[in-house]
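Here's a short tour of one protein model. Have a look at the chain below, then read on.

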Amino acid sequence: MQLDGFDVVVVGAGFFGATIAERVANELGRKVCVVDRRAHIGGNAYSEIDPDSGIEVHRYGTHIFHTNSDTVWRYLQRFTEFTSYRHRVFTVARGRLYSMPINLATISAAFGRAMTPQEAKLVIAAEADDHVHAHVHVHGASVAQNLEDKAIASVGRTLYDLLIRGYTQKQWQTEPSELSADIIGRLPVRLNFDDRYFADRYEGMPVDGYTAIFQRMLKSPNIELRLGVDYFDIADQIRPDQLVIYTGPIDRFFRYRCGELGWRTVDFAREVHDVDDFQGTSVINYADADVPFTRIHEFRHLHPERDYREPKTTIYREYSRFAGRDDEPYYPINTTADRAILSGYRMMMEKRPNVIFGGRLGSYKYLDMHQAIGAALKTFENEVTTFLAGREL
Ligand code: FAD
């Protein structure tokens with residue numbers, strides 16, 4: 001494969017790579033080659049029409065766009081309009097349905113009676129206090145050591161047992177009492193009936209789907225796209241005066257010399273049903289430990305404005321597990337051992353001046369789409385323009 005005429009080689013056609021490629025091509029007018037080892041653009045945000053139902057599905061799980069950043073929102077408007085979709089999530093637990101994140105409707109349903117904000121606050125605080133006192137009594141310390149303690153301190157025992165425990169256990173294949181408290185932030189409890197999943201200023205679904213965004217971003221005479229190409233098969237043809245934007249897994253780049261970083265992956269089991277509605281909403285979580293899947297996605301609900309006429313619907317059941325080397329890495333586990341490995345790779349990165357590592361795989365960080373785009377815009381402004389300034393091929 002000839003790479004001679006390119007100023008920049010972008011590895012990965014997800015949001016991080018596509019944003020940099022678009023900026024380099026359209027803002028600087030420089031030549032970019034984008035490679036991805038997959039057969040499609042879009043990275044994990046890729047969407048496609050399921051031929052068996054005619055419904056647009058997200059191959060790597062439901063993606064909802066949301067952000068508080070004016071810069072990112074304005075940037076994306078160049079490539080798409082957004083619908084007014086607002087994401088809402090429900091959880092099934094012990095045969096009943098609850099609204100998530102935890103809000104006053106969830107609390108009232110869990111305790112079987114209507115509660116005012118003040119009542120709900122007191123009930124949760126009393127349960128959390130009981131737990132802390134019992135903890136001090138047994139362990140002689142009040143600091144939340146593990147995920148279970150931290151979760152109960154946020155939401156109390158009743159809501160934890162009902163909605164959090166089984167779900168977390170399935171997600172991590174580990175008892176929450178054996179997981180580090182660092183894995184979660186403080187669990188949100190809303191003492192009102194606000195049931196929107198995201199609280200950001202901007203939210204919506206791209207009118208023509210995610211893949212159309214990437215087609216528009218990468219449509220430039222200065223961009224050449226090569227799909228089904230692994231970076232490691234072309235790496236030896238890249239010269240030091242060419243810039244590489246690498247958005248693949250950082251440990252693989254360095255041939256795992258400092259060790260393998262831990263990731264969780266998910267498997268999706270696809271089903272097409274001959275009904276026009278399977279579950280009435282786009283995502284339902286399943287909290288009980290004895291239900292093997294964590295969520296069911298039903299994609300037709302992401303676009304209620306569309307005229308999906310066929311009485312067919314596609315659902316994905318989602319199963320969570322630890323990733324092996326050949327699995328798709330989804331969520332960084334980020335144990336103390338992982339962080340030590342990562343700092344080893346960070347030192348190795350400094351010795352590669354013509355490579356910029358970015359995106360969720362290249363930085364070993366869970367990034368939402370708006371964060372990947374925001375980080376790419378900053379990387380472009382700072383590092384990419386600096387590298388290319390004064391370098392003419
Ligand atoms: P990616 O999209 O992963 O792109 C990286 C690309 O690099 C991939 O296409 C890969 O094939 C390619 N690549 C890797 N190695 C090589 C190699 N050696 N050679 C060539 N190509 C290579 N974000 C939201 O904002 N809202 C959501 O609702 C949301 N839901 C999510 C649900 C799930 C289940 C997951 C896992 C993530 C979700 N995200 C969501 C996050 C979103 O997927 C990421 O923000 C986005 O994918 C980040 O883009 P990226 O370019 O960093 O990485």
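## Around the ligand

Helix H1 (15–26), strand S2 (32–36), helix H9 (359–363) and H10 each give at least two residues to the shell around the ligand. Helices (H or I, at least four residues) and strands (E, at least two) are DSSP runs, numbered from the N terminus. Keep in mind that this is a predicted model: local features need pLDDT of at least 70, side-chain atom pairs count only at pLDDT 80 or more, and totals for chains, interfaces and linings use all residues. Residues are numbered from 1 along each chain as its sequence is written.

What classes make up the residues of the shell around the ligand? They split into 17 nonpolar, 12 polar and 6 charged. Here Ala, Val, Leu, Ile, Met, Phe, Trp, Tyr, Cys and Pro count as nonpolar, Asp, Glu, Lys and Arg as charged, and the others, Gly among them, as polar.

## Two helices crossing

H10 also meets helix H2 (residues 70–77): the axes of H2 and H10 (residues 369–388) come within 10 Å and cross at roughly 90°. Axes are lines fitted to C-alpha atoms, for helices over the stretch in contact, and angles run from 0 to 180 degrees between N-to-C directions. On H2, the contact (C-beta atoms, placed from the backbone, within 7 Å) uses Thr 71, Val 72 and Tyr 75, while H10 brings His 370, Ile 373, Gly 374 and Leu 377. By class, that's 4 nonpolar, 3 polar and no charged residues.

## A look at Pro 101

Pro 101 sits in the loop between strand S7 (96–100) and helix H3 (104–111). Leaving out residues up to four places away in sequence, Pro 101 touches Pro 188, Arg 190 and Tyr 197. Pro 101 and Gly 374 are 273 residues apart in sequence and 26 Å apart in space, C-alpha to C-alpha.

Conventions
Contact = placed C-beta atoms within 7 Å.
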